[in-house]
Amino acid sequence: MPARPGRLVTASLVALTAWLLLGRVAYGHPAPFSYLDLRMGNQSLSGRLVLHDLDVAHDLSLAPETLADPTVVHRQAGPIAQLVLGRLTLLADGTIVLWKVTAVRPLPDQTAVELEWTAAITRPVGRVTVQAALFPYDPNHQTFVNVYDESTLVRQDVLNRERPSMDVYSGSRQGLLAVFTTFTRSGIHHIAIGPDHILFIVGLLLLGGSLRRLLAIVTAFTLGHSLTLALATLHVVDPPARIIEPAIALSIVYVGADNLLVGTRGRDVRPWVALFFGLVHGFGFASVLRETGLPDRALGLSLFSFNLGVEIGQAAIVLVVSSALMLLRGRNAPLAARLATVGSVAVMLAGAFWFVERIL
């Protein structure tokens, strides 16, 4: 008796589903992960690297099941080591470290291959940078990193295509010095490449004033952003970026408008404006600081150093802009006044543009 069409369709669907499921088990990628243990010693770096056999087999054109055989793994030890040596980079205080694989063994119960590795260093290290792109063929691949200072676990992180590197700091004097210099440079860099922060400061300086008045403005801004930078970094208060970024843009609009209204109001409230909106800008600084990967054991120092870098960058801007405006006022006061007006309008327009852009 011929099979009914409905039964044929049902049987076909069952067969197709089974084929897809079996194919996923056989050829899919159940665990696109690698695991790196990094141990920082006084004059050495060492650890182990665990790689999923599907990844290794893919890049070496092997059958994954063969990597459970110690004989095969021993024969492929050289190619496996060469595979990762060019894809995992270690730097000690900015200098590339030559590391080597000392053993390769299968982990059949984990369907993985384990590599032991070591690297000699000539002096105590303050900062170790890990750069990992172990299996570029898989965009979802991740590398889980455990970092030990001697025998103490000090850092856990995940590296992937969007975030391929990380920095970790030792607990030694060299490590504290590395934290200080790294985060101070980061603070200077952030203020230098942040046009919104720069324009806010410039807007505050356009009307000029006495040295005492300028110091009051700068100090108020510093107090404001230092407070919220600390609170947000420590997750005491942590408003979302979708609120903070448009608010920073609005602060720029307000400064420009306030400059145009100060003549009609008759009172200079720039220090209070700087204090209030400094609180908003501090949350913006904190989002950048957290992205750099804060060291748990030197959280206070990294926070202080980053803020110091921001203040150094800010002081440089204030010195250059206020000196130029002061020189212009001394030579051509009417032109300086027109520049303040035109500059304030430009500040408002830029802030309005950023506000619309960030809202949309």
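How many aromatic pairs does the count come to? I looked this up and found 8 aromatic pairs. I keep in mind that this is a predicted model.

**Entry: aromatic rings**

I took Tyr-169 and Phe-183 to begin with. Their pair is tilted, with 6.1 Å centre to centre and 45° between the planes. Tyr-169 sits in strand 10 (residues 165-169) and Phe-183 in helix 5 (residues 173-193), so I noted a link between distant parts of the chain, 14 residues apart. Both Tyr-169 and Phe-183 are buried.

I turned to Phe-200 and Phe-277. This pair is edge-to-face, at 6.2 Å centre to centre and 75° between the planes. Phe-200 belongs to helix 6 (residues 195-205) and Phe-277 to helix 9 (residues 270-291), 77 residues apart. Phe-200 has 0% relative accessibility, so it counts as buried. Phe-277 has 11%, so it counts as buried too. I also found Phe-200 and Phe-277 in one aromatic cluster with Phe-221, Tyr-254 and Phe-276.

Arg-39 lies over the face of Tyr-148, 4.7 Å from the ring centre.

I traced an open sheet of 6 strands with mixed pairing, in the order 5-6-2-1-8-9. Strand 5 (100-107) and strand 9 (152-159) stand at the edges; each has a single partner strand, so one side of each lacks a neighbour in the sheet. The twist averages 15° from one strand to the next.

Strand 5 pairs with strand 6 (residues 112-120) in the antiparallel sense over 7 bridges. I found Pro-106 opposite Val-113 in strand 6.

Last, I checked helix 2 (residues 53-60). Helix 2 lies across strand 1 (33-40), strand 2 (44-52) and strand 6, and runs at about 85° to strand 2.

Terms used: Residues are numbered from 1 along each chain as its sequence is written. This is a predicted model: local features need pLDDT of at least 70, side-chain atom pairs count only at pLDDT 80 or more; totals for chains, interfaces and linings use all residues. Side-chain values use heavy atoms; hydrogens and water are left out. Two strands pair if DSSP finds at least two bridges between them. Helices (H or I, at least four residues) and strands (E, at least two) are DSSP runs, numbered from the N terminus. Axes are lines fitted to C-alpha atoms, for helices over the stretch in contact, and angles run from 0 to 180 degrees between N-to-C directions. Contact means heavy atoms within 4.5 Å. Rings of Phe, Tyr and Trp (its six-membered ring) pair if their centres lie within 6.5 Å; planes under 30 degrees apart count as stacked, over 60 as edge-to-face and the rest as tilted. Buried means under 20% relative accessible area, exposed over 50%, partly exposed in between (1.4 Å probe, protein chains only). A charge sits over a ring if NZ of Lys or CZ of Arg is within 6 Å of the ring centre and within 35 degrees of the ring normal.
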